[in-house]
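User: Hey, I'm new to this one and could use a quick tour. Can we go through it together?

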Amino acid sequence: MDKLVFCHRQERGREAYIKPHRHECHELVFYEEGTRGVADIGDMEYGIAPASVLLARRGTVHGERHSGDGKVVFLGLESPNLTLGDGLWRDMGILRPLFRDIVREMKEQEWGYEGIISIRIREILVRLGQRNHKSQGSVQNLEYCRQYLEENCMQQVSVGELAEMCGYSRDRFRHLFAEKFGEFPRHYLMNLRLEGARRLLQTTDYTCTDIAQMCGFTDNCQMTKMMKKKYGMTPKELRGNKSAQI
C-alpha cells in the first residue's frame, strides 16, 4: 500500500532556489500554472514547465532554480513496489485533479482519507508508468537520430528537424534524448565535432582554419574556445601533443 509521508502546497517565487537535498522517502512534485525553471535530479538537468511532474526516489539528491512565479505541490511517499526511476514528466495536466484531491484529503482528514490518498498516489504512479510505456516506442527513433548525428556531425544539423523526425516537440525531444544518452543533442553534437577535430589535428597537416570548417564549427575561434573548455588545450597545443588520447 502506498503511504503519504508529507504533503505541502506552496508558492515558488521568481528566482526561488531550493538547494540540493535528499529524503528518506520518495518525493513527487507537481508544478502548477506559471512555474518555470530548472530541476536538478542526480546528474541530470530538466526544464520545469507548468503541468510537469518530478519524481526523486529515496536518497536521490535534487534541487530547483525557479524563473517564474507559480505554485508547487510536493508529496513524500512510501511505495514498496515503485518501479519508476528518477525523472521529470512534462504535459501531465491530467494529474492536476489527483494532486489537488490529495491536498484536500490531507487537509480535511475525514474518515477513510488515508485510503483515498493511497488510491490517488497509485493512480499518479500508474499514469506516469503509462507515459513511460508510450515513450518506449520512440527508442528506435532516438537511436536513429543519434546515428544520424554521428554520420552528419560535420554538417549543419537542426535539432528542430530531428525532433520532427521523432514526432516530438523540440523541447520534449531534447529531454528524451538527454534521458537516453546522458547529453542534450547540441552537447552530443559538439562533442562529436570536437573529437573529430582532435583526430584531424593529430593525424593530418590541415590548418586549424580548414579543420574548423570541415568539422562544422563557425570558425577557428569557436573551435579554439570549445577545445580549451573540453580539453584544456588550444588546437595548436593538441597538435603538438600527438600522444594525448583525451
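User: Okay, what is the bridge partner of Ile41 in strand 5?
Analyst: Met44 is the partner of Ile41 there. Keep in mind that this is a predicted model.

User: And how many bridges hold strand 4 and strand 5 together?
Analyst: Five, with strand 4 and strand 5 (residues 44-48) pairing in the antiparallel sense. The two strands make a hairpin with two residues between them. In that turn, Gly42 has a positive phi of about 60°.

User: Which strand does strand 4 join through six bridges?
Analyst: Strand 7 (residues 62-68), and the two run antiparallel. One of the pairings links Arg36 to Gly68 in strand 7.

User: Which residues of strand 4 are on its covered face, and which on the uncovered one?
Analyst: Gly37, Ala39 and Ile41 make up the covered face. Arg36, Val38 and Asp40 sit on the uncovered face.

User: Switching topic: how many residues are in the largest nonpolar core?
Analyst: That core has 23 residues, and Leu28, Phe99 and Leu128 have the most contacts inside it. Among the elements giving two or more residues to it are strand 1 (3-12), strand 8 (70-78) and helix 1 (96-108).

User: Which element gives the most to this core?
Analyst: Helix 2 does, with six residues.

User: What does Phe99 touch, leaving out residues up to four places away in sequence?
Analyst: Phe99 touches Leu28, Phe30, Val53, Val73, Leu75 and Ile124.

User: What about another core, apart from that one?
Analyst: There is one of 15 residues, including Ala197, Ala212, Phe217 and Tyr231.

Conventions. Residues are numbered from 1 along each chain as its sequence is written. This is a predicted model: local features need pLDDT of at least 70, side-chain atom pairs count only at pLDDT 80 or more; totals for chains, interfaces and linings use all residues. Side-chain values use heavy atoms; hydrogens and water are left out. A nonpolar core is a set of buried Ala, Val, Leu, Ile, Met, Phe, Trp, Tyr and Cys residues joined through side-chain atoms within 4.5 Å. Buried means under 20% relative accessible area, exposed over 50%, partly exposed in between (1.4 Å probe, protein chains only). Helices (H or I, at least four residues) and strands (E, at least two) are DSSP runs, numbered from the N terminus. Contact means heavy atoms within 4.5 Å. Two strands pair if DSSP finds at least two bridges between them.
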